[in-house]
Amino acid sequence: MSFPPDHEIYKRRFSRNIGLGLTLGAFVAVVFGLTVVKVTATGPIEGYDHVVQPGLVPQGSAE
Amino acid sequence: MSDSSAFEQTAAQTGDAGFGDYVALLKPRVMSLVVFTALVGILVAPVPVHPMVMLASILFIALGAGASGSLNMWWDADIDAVMKRTRKRPVPAGMVTGGEALGFGLSLSGIAVVMLWLSSNLLAAGLLAFTIFFYAVVYSMWLKRLTPQNIVIGGAAGAFPPMIGWAVATGGVSIESVLMFALIFMWTPPHFWALALFMKEDYHAAGVPMLTVTHGRKSTRTHVLIYTILLVPVAIGAAFTSIGGPVYLVISGLLNAGFLYGAWRIWQRDETVAEADGYKVEKQVFRFSLYYLFLHFGAFLLEAALKSFDLGGW
C-alpha cells in the first residue's frame, strides 16, 4: 500500500505554513516564559489540599 | 488586463500569499524604529523590568505597530496602487485582499493590546490601543487625505512607543516620557519634508494633499526650517530631566547644531540649484535626521548606563 502523493497546494503553501508554525511556537514560548516570571514574582504559594496551613492555624494552638 | 495583473488577482483569490507578504503588511522597517525607541523608554525608566517581561512587552508593542501598518495598507490600497514606491505592497500587488489585510490588522491589534496588558499594565496597553487608533483612524482615514499638515499630527503615532515603554516600566506618564514623545513628534515633519523635497512622488495623482504640492516647494523649505527650530528646545530640554545629563547635553547640542545648519541650507536653496546638484543637500539632511534621532535615543541609553556606574546625570 502506498500513500497518495500530496496535493500541490501543500507545496505552494509550504513556506506560509512553516512560518505560521514557527510564529505560533514562539508565541507559546513567550506566554510560557511570562507565566513563569509572573508566578515566580508572587512568591511562595501555599497548597490547600491535605496539608496543614501554618497561616490558618490559630496562634497558641500549634503545640 | 495585463498578464501580470491577471496573475496577481489569481494569487489573491486562491490565498497563495506567502509568509513574507503578511510580514510586509506589518511594515517591518517602521517596526524597527518602534522597537528601538520603546526599548529605550523601558531601559531609561527608574523602575527595573524583568528581562522576560521586557522582551514580551517590546514584542507586543511591535506587533501593535505592525497591526496598525496592516490597517493602513487596507485603507490606503487605492493610494498605494498609484504611487511607484508603494505599488508593490501586498494589497495593491494583489497578493493579499483588502479584507484579509483588515482582518489581519484587527486580529493582531486585539492580540497585541490584550497581551501587553497581561505582560505589563493597563496604561501601557491603553496607550498602545490609542496609538493603533490614532495611526489607522485619525491619520490614515481622516487627516492624510484632508490636510497638508497630515504628517505633523500623524507623527504622533510614531512618537508614542517610548512613552509606552516608559509606562511598561513605571505604570505612569511623566515629563521624561512626554519629552521623548515630543522629540519624535517634532522631529517627524522636518525629517519627512526633507524626503518629500527629493522623492517627488505623485501625491497629486494619488489625491494626497502633501505640503510640496499644496503650498509649493519654497514653502516646504520654510516649514523644514521652522519645525527644526521648534525641535531644538525639546531635544535640549530633555537634558535637564532625570533621563538626561551632561553627556546627553553635549551630544544633543552637536546634533541640533548640525540639524539647524542643514535646515538653514535647505531654506536658502531654490529648486533650480537643488535640481542642478540632484538634491544633494536635501538628501544629506534627510540622512542626518535619521542619525539625529538614533543618536538622541542612544544618548539617553548612554546616560542610563553611566548612572549604573554612578557617573551619569547631574
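1. pLDDT is the predictor's confidence in each residue, on a scale from 0 to 100. Over residues 1-9 of chain B, pLDDT stays under 50, and the model has 6 contacts beyond four places in sequence for that stretch; two residues are in contact if their C-beta atoms, placed from the backbone, lie within 7 Å. Where pLDDT is low, the predicted coordinates should not be read in detail.

2. This is a predicted model, in which local features need pLDDT of at least 70, side-chain atom pairs count only at pLDDT 80 or more, and totals for chains, interfaces and linings use all residues. Residues are numbered from 1 along each chain as its sequence is written, while chains are lettered from A and ligands numbered from 1 in the order in which they are written. The model scores ipTM 0.80 and pTM 0.87. For chain B the average pLDDT is 91, and 95% of the residues score at least 70.

3. Chain B contains 15 helices and 0 strands; helices (H or I, at least four residues) and strands (E, at least two) are DSSP runs, numbered from the N terminus. Its radius of gyration, taken over C-alpha atoms, is 20 Å, close to the 20 Å that the globule rule gives for 314 residues, so chain B is as compact as a globular protein of that length. The globule rule is 2.2 Å times the number of residues to the power 0.38. Along its principal axes the C-alpha trace of chain B spans about 65 × 55 × 25 Å. Of the contacts in chain B with a separation of 6 or more, 74% join residues 24 or more positions apart.

4. Of the 314 residues of chain B, 47% count as buried. A residue is buried if 20 or more other C-beta atoms lie within 10 Å of its own, exposed if 12 or fewer, and partly exposed in between, with C-beta atoms placed from the backbone. The largest nonpolar core has 96 residues; such a core is a set of buried Ala, Val, Leu, Ile, Met, Phe, Trp, Tyr and Cys residues joined through C-beta atoms within 7 Å. Helix 9 (residues 175-199) of chain B gives the most to this core, with 14 residues. B:Ile164 is among the residues with the most contacts inside the core. Leaving aside neighbours within four places in sequence, its contacts include B:Ala38, B:Ile61 and B:Leu128.

5. Two loop residues of chain B deserve a look. B:Lys27, between helix 2 (19-25) and helix 3 (28-43), has a positive phi near 50° although it is not glycine. B:Lys27 counts as partly exposed because it has 18 C-beta neighbours inside 10 Å. B:Tyr279, between helix 14 (271-276) and helix 15 (280-307), likewise has a positive phi, near 55°. B:Tyr279 is buried, with 21 other C-beta atoms within 10 Å.

6. Chain A has 2 helices and 0 strands, and 2% of its 63 residues count as buried. Helix 2 of chain A has 28 residues and reaches 41 Å from its first C-alpha to its last, close to the 40 Å expected at 1.5 Å a residue; the expected span is 1.5 Å times one less than the number of residues. Helix 2 of chain A is hardly covered, with 1 buried residue among its 28.

7. At the interface, 8 residues of chain A are in contact with 9 residues of chain B. Helix 2 of chain A supplies the largest share of the chain A side, 7 residues.
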